[in-house]
Amino acid sequence: MRRASVLPTIVLGAAIGSAAGIGAAAIEARAEPERVIEISAMKFDYLAEPIVLKKGQPVVFVLSSLDRAHGFNMPAFKIRADIVPGQQTRVRFVPDRAGTFEFHCDNFCGDGHEDMSETFVVKD
């Protein structure tokens, strides 16, 4: 999957680079590295360090459940995923705007479910 996203950059870079005197390698070197953040879900809570992201930097949330099925919903970025016990769910996105945003569980897990949310910050 990673190779497919790099190939168009190299092809595009070669076309643009030859016109501007910049090689594809120089364009590839400027790409933001992908950041991986692990988040565990458990009844009524997400367990994660405070999340501060950089606008334009690719991010992969690696989601796991410690007890039962949960949901992962980031309405501001129109992202939704299931978190299944015993499996890792990977959610990749590139934050395209700065601000404070929320993700929450959208798979009912009992009384207290409505409080299962966390925020993250995206900085310019």
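**Salt bridges, strand pairing and surface of the predicted model**

Five salt bridges are counted in this predicted model, where a salt bridge is a side-chain nitrogen of Lys or Arg within 4 Å of a carboxyl oxygen of Asp or Glu. Residues are numbered from 1 along each chain as its sequence is written, and side-chain values use heavy atoms, with hydrogens and water left out. As the model is a prediction, local features need pLDDT of at least 70 and side-chain atom pairs count only at pLDDT 80 or more, while totals for chains, interfaces and linings use all residues.

The protein holds two helices and nine strands; here helices (H or I, at least four residues) and strands (E, at least two) are DSSP runs, numbered from the N terminus. Along the sequence, these elements follow the pattern α-α-β-β-β-β-β-β-β-β-β. Of the 124 residues in the protein, 32% are buried; buried means under 20% relative accessible area, exposed means over 50%, and partly exposed lies in between (1.4 Å probe, protein chains only). Among contacts (heavy atoms within 4.5 Å) between residues at least 6 apart in sequence, 57% join residues at least 24 apart.

Two strand pairings involve strand 9, where pairing requires that DSSP finds at least two bridges between the strands. Strand 3 pairs with strand 9 in the parallel sense over four bridges, and Leu-53 stands opposite Val-122 in strand 9. Strand 8 pairs with strand 9 in the antiparallel sense, over six bridges. Phe-101 stands opposite Phe-120, the latter in strand 9.

The salt bridges can now be placed on this layout. Glu-34 forms one with Arg-92, and the closest N and O atoms are 2.7 Å apart. This pair links distant parts of the chain, with Glu-34 in the loop between helix 2 (24-29) and strand 1, and Arg-92 in strand 7 (residues 89-93), 58 residues apart. Both partners are partly exposed: Glu-34 has a relative accessible area of 29%, and Arg-92 one of 41%.

Another salt bridge joins Asp-124 to Lys-55, with 3.8 Å between the closest N and O atoms. Asp-124 lies in the segment after strand 9 (117-123) and Lys-55 in the loop between strand 3 (51-54) and strand 4 (59-65), so the pair ties together parts that are 69 residues apart in sequence. Asp-124 counts as exposed at 72% relative accessibility, whereas Lys-55 is partly exposed at 39%.

Asp-106 forms a salt bridge with Arg-80, and here the closest N and O atoms are 2.8 Å apart. Asp-106 sits in the loop between strand 8 (99-104) and strand 9, while Arg-80 belongs to strand 6 (residues 79-83), 26 residues apart. Asp-106 is partly exposed at 30% relative accessibility, and so is Arg-80 at 43%. Salt bridges that share partners join Arg-80, Asp-82 and Asp-106 into one network.

Finally, the surface. The accessible surface of the protein comes to about 7500 Å², of which 55% belongs to carbon and sulfur atoms; these areas come from the Shrake-Rupley method with a 1.4 Å probe, and for residues only the protein chains shown count as cover. Met-42, Leu-47 and Leu-66 make a nonpolar surface patch of about 250 Å². Patches are made of residues with over 30% relative accessible area and no salt bridge, like charges being joined within 9 Å and nonpolar side chains (Val, Leu, Ile, Met, Phe, Trp, Tyr) within 5 Å. Met-42 is found in strand 1 (residues 35-42) and is partly exposed, with a relative accessible area of 32%.
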